[in-house]
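The structure is shown first.

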Amino acid sequence: ADMACRSACISACARVAAWEAALGVLASMSREGTAPNIVAFNTAISACARAGQWRWALAVLSSAPGRDVFSYNSAVSACERSSEWA
């Protein structure tokens with residue numbers, strides 16, 4: 001239940017581009033012993049992308065324990081919104 005609740009919180013943050021709040025929830029999961037899953041990481045990357053925070057999106061991508069197509073698409077979207085290409 002805790003994972004679902006926190007993932008929903010990150011998702012709500014992503015919808016309104018509240019990237020700092022999304023990253024805060026992601027960090028609190030790790031601190032409190034709830035290992036974030038790939039969905040939580042992907043949603044946090046998406047929050048960064050919506051806010052144009054490409055550096056943070058790439059930082060979250062690099063720290064994620066696993067990556068999938070959604071992970072990379074969100075990171076590319078963040079770079080695109082900021083006109084930054086690595």
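## Position T43

T43 has a relative accessible area of 16% and is buried (buried is under 20% relative accessible area, exposed over 50%, partly exposed in between, with a 1.4 Å probe and protein chains only). T43 is part of helix α3, residues 38–50 (helices are DSSP runs of H or I with at least four residues, numbered from the N terminus). Apart from neighbours within four places in sequence, T43 contacts I10, S11, A14 and F70 (contact means heavy atoms within 4.5 Å).

## Basis

This is a predicted model, in which local features need pLDDT of at least 70 and side-chain atom pairs pLDDT 80 or more, while totals for chains, interfaces and linings use all residues. Residues are numbered from 1 along each chain as its sequence is written, and side-chain values use heavy atoms, without hydrogens and water.

## Helices α2 and α3

The axes of α2 and α3 cross at roughly 160° and come within 8 Å (axes are lines fitted to C-alpha atoms over the stretch in contact, with angles from 0 to 180 degrees between N-to-C directions). The two helices, α2 and α3, are therefore roughly antiparallel (an angle over 145 degrees).

On the α2 side, W19, A22, L23, L26 and M29 meet A40, F41, A44, A47 and C48 of α3. The residues of this contact are ten nonpolar, no polar and no charged.

## Aromatic pair

There is one aromatic pair (ring centres within 6.5 Å; stacked under 30 degrees, edge-to-face over 60, the rest tilted). W19 and W56 form this tilted pair, at 5.9 Å centre to centre and 35° between the planes. W19 lies in α2 and W56 in α4, so the pair ties together parts 37 residues apart in sequence. W19 is buried at 16% relative accessibility, and W56 is partly exposed at 44%.

Technical notes. Phe/Tyr/Trp six-rings, centres within 6.5 Å; stacked < 30°, edge-to-face > 60°. Parallel < 35°, antiparallel > 145°, perpendicular 65-115°, else oblique. Nonpolar A, V, L, I, M, F, W, Y, C, P; charged D, E, K, R; others polar.
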